[in-house]
Amino acid sequence: MDKISQLPDELLLKILAMLPTMKEVVDTMLLSKRWQFLWMMVPRIKYNDTYKNPKYGSFSLFVDRSFFRHEAPVIEALHFKLGSICGSEDIQAWMRSADKRCVRELTIQIDTFTDKDSVLLPWSLYGGGCRILVTLNLINAVLVDDFTSPISFPSLKTLSLKSMKYPSGEFVKNLLSKCHVLEDLVVEQCQADNVNIFTVIVSSLKSLVMKTLDNRVGNDTEGFVIDAPFLENLDIFHSSGFCIFENVMSKILDANVVVNSWKLWKKLGSIASFKRLYLCVPSSKDVYPAGSVFTSLVHFKICTCETEWVNLLMCVLRDSPNLRSLKLQQCHFLRSEKPRPCWNPSWNEPSSVPECFLSSLETFEWVHYEGAQEEKEAVAFVFRSAKCLKKATINIYSKTNDIHKKLEVIKELFSSTRLSPACQLELR
């Protein structure tokens, strides 16, 4: 303990910031005089009303006193995990105190699962109180509207809204439009969030994750509207409804698209900027505008859970002349009991071989390979046609993890395929 106490304050504060909650941080004041006031300067504060099952009165009083006595000029991160014993009135009082501090990152996580125990966040949170806030994470709470006060987030660059409920879709549109320097946005919509059309109009946005939770029941009148011309990273996990892109987004480098119904890229525009792409979609038709070319695409991953994955794969390979890495993986349970299409024998003709197979494809990986007929034909086609292939990885899957079954699949794989001696093959 004496050796630790001799460390500089800056290092000791980093150690304190790693403790699970503020309660443990404050308890260090009992160690010695050296530690008596050090906790007041810790830059990262975490309160959790479920940790070690505290009583309501003692926990609330502890938060009030410790937060009031805290003296750090800047609070790098303030994290509230509540809902077990604390509610709306508590968080409103603590937010009024936070408004007077220099908080750069704020997380409010509510662990309640019924409307009766819903926690309403105070208007001061987004009404101009936290003017230097850079990162805001809100989880499972309710936002309220106050028509008399303007929304203001002049410094906010990262915003995460997970399982939140809102006054209306118009409120969400207005909230995001006031985030003038926002760069990263994560949205996970839940059931009954009061938003039919989630509109994102943010010109500064660079990264966007839009996800509808599995328990959300949607229809053709619900969906996303996105207008972010400088977007570079796009993740869409959409179970139902529509997704409309208001303007061409020509700067996207990374795109991950997982949808159950295909009504997505009608207005996506140029795909020439894509460098990395992951697709899991139910159809191979109209996935992107006809005649488009992925001129910059280097890494492509496709999910094999959909019935038309083979056709979609060939479409993308045909339109990706510079592809260097290809990965096939069943990322989800099979979504249809329909038989998968057989590999089209006409694609074996040299004239049908994708350009990337002849000039650029260097790595190939298949995760969850089961040795089905179309899978064997797909592997054979890749091994036979990819002239520049340097490494191939096949991860063999067996439902019972039967080693004999895996050996049988490996035997069939080698008997039906020919691989260039220059290519390194790895089996898992």
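Ile 4, Leu 11 and Ile 15 together make a nonpolar surface patch of about 220 Å²; patch residues have over 30% relative accessible area and no salt bridge, with nonpolar side chains (Val, Leu, Ile, Met, Phe, Trp, Tyr) joined within 5 Å and like charges within 9 Å. A salt bridge here is a side-chain nitrogen of Lys or Arg within 4 Å of a carboxyl oxygen of Asp or Glu, and areas follow the Shrake-Rupley method with a 1.4 Å probe, only the protein chains shown counting as cover for residues. The model is predicted, with local features needing pLDDT of at least 70 and side-chain atom pairs pLDDT 80 or more, while totals for chains, interfaces and linings use all residues. Residues are numbered from 1 along each chain as its sequence is written, and side-chain values use heavy atoms, without hydrogens and water.

Leu 11 belongs to helix α2 (residues 9-17) and is partly exposed, at 38% relative accessible area (buried is under 20%, exposed over 50%, partly exposed in between). Helices (H or I, at least four residues) and strands (E, at least two) are DSSP runs, numbered from the N terminus; the protein chain has 10 helices and 20 strands. Of its 428 residues, 49% are buried.

Turning to strand β18 (residues 363-369), 5 of its 7 residues are buried, so the rest of the structure largely encloses this strand. Strand β17 (residues 325-329) runs parallel to β18, joined by 5 bridges (pairing requires at least two DSSP bridges), and Leu 328 has Trp 366 of β18 as its bridge partner. With strand β19 (residues 391-396), β18 pairs in the parallel sense over 6 bridges.

How values were computed. Buried < 20%, exposed > 50% of the residue type's maximum accessible area, 1.4 Å probe, protein only.
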